[in-house]
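Good morning, and thank you for coming. Please look at the sequence and the structure on the screen while I go through the contacts and the packing.

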Amino acid sequence: MTYQEKTMLARFLEYFLEHVDNQDIEKILKKTYDLTERTIETLKNIFQQEGAVIPLGFTANDVNKGVPKLFDYLYEPMFLQMMGKIETSLFALYSTMSYRQDIRKLYKSLTANAQDMFDHCTQFLLDKGVLVRPPFMTMPKEVTFIKDKDYLSGFNLLKATRSLNAIEVSLIHHAIENNLVGLQLMIGFAQVANDKQVKEYFVKGMKLSMDVETTLGEYLREDYIEPPATPAGKATNSTIAPFSDKLMMYITNLLGSFGLGSNALGGAFSLRSDLPLTMARLAQKILPFLKEGGELMIKHGWMEEPPQIEDRKQLTKA
């Protein structure tokens with residue numbers, strides 16, 4: 001999984017470096033690319049030492065050089081900031097699943113690198129004034145405890161629904177912010193995909209992203225908070241693909257899975273009963289979308305099969 005994600009990221013970075021026109025962004029891209037290439041070589045060595053085949057992942061064949069820019073103003077750091085969130089989550093999880101000392105050390109290092117990438121991109125975007133900060137709130141002056149069980153309710157017809165608490169606002173803001181980057185990705189991919197079914201799939205992704213933003217944004221608007229939005233990172237009008245359909249389908253699946261996890265987290269930590277139900281309804285839309293994407297990838301021969309546990313039933317069959 002790490003090898004596939006890192007080879008995908010390397011291809012995106014190669015494309016970004018071809019078009020970058022800002023020296024500060026170029027430094028971030030080059031540093032990230034060097035670390036990514038180093039990680040890929042480390043992973044290759046691990047596979048070879050264990051006598052395992054090296055996965056195919058994504059190669060130079062998945063990038064089309066010399067094509068027009070597909071994403072505009074500051075999309076590169078916006079994309080990398082989102083990837084920093086994804087990688088930090090994934091690599092921290094993988095480190096807790098690993099028992100070999102060298103693998104734990106590897107994922108500890110990769111988690112730190114991902115956090116560093118996120119920090120650099122976040123600060124750059126804040127300095128440029130295009131990253132919308134989460135809403136400010138009045139600081140509490142004393143400790144209080146919940147006394148009314150209606151605090152947990154989001155469907156009380158006799159009372160006004162309580163305002164969102166800080167945790168709920170943060171989780172909703174986080175989900176919408178990630179969705180904005182994903183929406184532009186879906187728009188760009190829908191414009192350039194070569195296969196008709198794949199193009200239609202990305203159009204569905206556009207509509208799903210809009211649905212997520214509208215649904216979650218309404219919770220903020222009810223409390224007179226404007227959902228996050230930015231003028232940066234829009235898709236251009238190019239219709240020439242910089243990436244293979246295979247690569248675009250993979251990153252869509254990765255982002256969809258991350259969105260599904262974020263929704264689950266948002267539902268788990270929300271104390272208002274309507275929020276987990278809304279998150280569950282969105283998940284019911286995301287899951288079939290991911291399933292359809294998996295079926296498309298299998299149909300075209302784009303999904304590498306993970307190493308399989310030995311089929312003892314087959315091996316012991318008389």
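Let us begin with N179, which is in contact with S209, M210, V212 and E213, leaving aside its neighbours within four places in sequence; contact here means heavy atoms within 4.5 Å. N179 is found in helix 5, where helices are DSSP runs of H or I with at least four residues, numbered from the N terminus. Is N179 buried or exposed? Its relative accessible area is 14%, so N179 is buried; buried means under 20% relative accessible area, exposed over 50%, and partly exposed in between, with a 1.4 Å probe and protein chains only.

A word on the model. It is a predicted one, in which local features need pLDDT of at least 70 and side-chain atom pairs count only at pLDDT 80 or more, while totals for chains, interfaces and linings use all residues. Residues are numbered from 1 along each chain as its sequence is written, and side-chain values use heavy atoms, with hydrogens and water left out.

I turn to the nonpolar cores, each a set of buried Ala, Val, Leu, Ile, Met, Phe, Trp, Tyr and Cys residues joined through side-chain atoms within 4.5 Å. The largest of them has 71 residues, and F12, F79, F189, F202 and I251 have the most contacts inside it. Two or more residues come from each of helix 1 (2–19), helix 2 (23–49), helix 3, helix 4, helix 5 (166–192), helix 6 (196–222), helix 7 (245–269) and helix 8 (274–299). Another core, of 14 residues, lies apart from it and has L164, I176, Y219 and L282 among its members. As for F202, its partners include M186, F189 and M248, not counting residues up to four places away in sequence.

Next, helix packing. At what angle do helix 1 and helix 7 pack? The angle is about 120 degrees, with the axes 11 Å apart; axes are lines fitted to C-alpha atoms over the stretch in contact, and angles run from 0 to 180 degrees between N-to-C directions. The two helices are therefore oblique to each other, given that angles under 35 degrees count as roughly parallel, over 145 as roughly antiparallel, 65 to 115 as roughly perpendicular and the rest as oblique. Helix 1 contributes Q4, E5, M8, R11 and F12 to this contact, and helix 7 contributes L247, Y250, I251 and L254.

Finally, the axes of helix 3 (residues 75–97) and helix 4 (residues 101–128) come within 8 Å and cross at roughly 155 degrees. Helix 3 is therefore roughly antiparallel to helix 4.
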